[in-house]
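The sequence and the coordinates are shown first.

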Amino acid sequence: MATDDQGRWDKKHATEEGHEDASSFLRQLFEVGAWRIQAGSALDVATGRGRNAFFLAERGFRVEAIDISEVALKEASKLAEEKGLTITFRQVDVDHVELSESTYDMILNFNFLQRSLIAKMKKALKRGGHIIFETYLIEQKALGHPKNPAYLLGHNELLELFRDFRILYYREGRFVEGGKDAFRAGLFGQKVG
Ligand SMILES: C[S@@+](CC[C@H](N)C(=O)[O-])C[C@H]1O[C@@H](n2cnc3c(N)ncnc32)[C@H](O)[C@@H]1O
């Protein structure tokens, strides 16, 4: 396990207070009735304090949520219990994770970028399964965090990374999330092959 990463994220999560709403990009996709997203098995990658995992579980998904931070997972488990939601939380370093093949109907990846994980996520989806991916664009470094280009997407990069999927929706730009502006790319795609 990358203990430095874990320590850094544990510290960050320990200083955060309150609980954020589910991502507005995720909520908007579910509000568009045309897609009729069906509940099933789901994986939330780098779940943090679980806001998006809760959103899926509340809609009938069986959710597995993974993160490197013990502190975040403890907080997420506590909140899930308070909400009466059953979610499987696992402490995992995604740098070394193995995901079982053709297992999930939905994978979420929000505010996190580990390019080497993308091929594994694709394999872990069932055929017809969906990916919802939203994270920061390269312009974000001028606006705030993250600043390290390794964690920022280039223009059209996310679109290119999922070229072998059916792209149901894609956007790039400056959007407001939780009252804060950020440059983001967001993708909703379906595994077809
Ligand atoms: C910016 S937070 C995003 C949390 C959540 N996806 C959300 O949007 O609310 C990034 C998360 O990635 C997790 N993380 C960082 N490196 C990781 C790794 N190598 N393996 C698993 N999780 C990791 C951190 O603990 C943190 O919770």
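The sections below proceed from the overall fold to a central helix-strand region, the nonpolar core and the ligand shell.

## Overall fold

The model is predicted. Its protein chain contains seven helices and seven strands, which follow one another along the sequence as α-α-β-α-β-α-β-β-α-β-α-α-β-β. The radius of gyration of the protein chain is 16 Å, close to the 16 Å that the globule rule gives for 193 residues, so the chain is as compact as a globular protein of that length.

The C-alpha trace spans about 40 × 40 × 35 Å along its principal axes. Of the 193 residues in the protein chain, 34% are buried. Among contacts between residues at least 6 apart in sequence, 63% link residues at least 24 apart.

## Helix α3 and its cover

Helix α3 comprises residues 51-58, and within it Asn52, Ala53, Phe54, Leu56 and Ala57 are buried. The cover over these buried residues includes two other helices, α2 (24-31) and α4 (70-83). It also includes the strands β1 (41-45), β2 (62-67), β3 (87-91) and β4 (104-110). Just after α3, Gly60 adopts a positive phi of about 95°.

## Strands β1 and β2

Strands β1 and β2, both part of the cover of α3, pair with each other in the parallel sense over five bridges. Within this part of the chain, Ser41 stands opposite Arg62 in β2. Strand β2 is mostly covered, with five of its six residues buried.

## Nonpolar core

In soluble globular proteins, nonpolar side chains tend to be buried together. The largest nonpolar core of this model has 43 residues. Which of them touch the most other members? They are Ala42, Val45, Val63, Ile107 and Ile131.

Ile107 illustrates how this core is connected. Leaving aside residues up to four places away in sequence, Ile107 touches Leu43, Val45, Met121, Ala124, Leu125 and Ile131. Two of these partners, Val45 and Ile131, are themselves among the residues that touch the most other core members.

## Ligand surroundings

How many residues surround the ligand? The shell consists of 18 residues, and the closest are Trp9, Ala46, Gly48, Ile68 and Phe110. By residue class, the shell divides into nine nonpolar, four polar and five charged residues.

Terms used
Residues are numbered from 1 along each chain as its sequence is written. This is a predicted model: local features need pLDDT of at least 70, side-chain atom pairs count only at pLDDT 80 or more; totals for chains, interfaces and linings use all residues. A nonpolar core is a set of buried Ala, Val, Leu, Ile, Met, Phe, Trp, Tyr and Cys residues joined through C-beta atoms within 7 Å. A residue is buried if 20 or more other C-beta atoms lie within 10 Å of its own, exposed if 12 or fewer, and partly exposed in between; C-beta atoms are placed from the backbone. Two residues are in contact if their C-beta atoms, placed from the backbone, lie within 7 Å. Helices (H or I, at least four residues) and strands (E, at least two) are DSSP runs, numbered from the N terminus. The radius of gyration is taken over C-alpha atoms; the globule rule is 2.2 Å times the number of residues to the power 0.38. A residue is near a molecule or strand if its C-beta atom, placed from the backbone, lies within 6 Å of it. Ala, Val, Leu, Ile, Met, Phe, Trp, Tyr, Cys and Pro count as nonpolar, Asp, Glu, Lys and Arg as charged, and the others, Gly among them, as polar. Two strands pair if DSSP finds at least two bridges between them.
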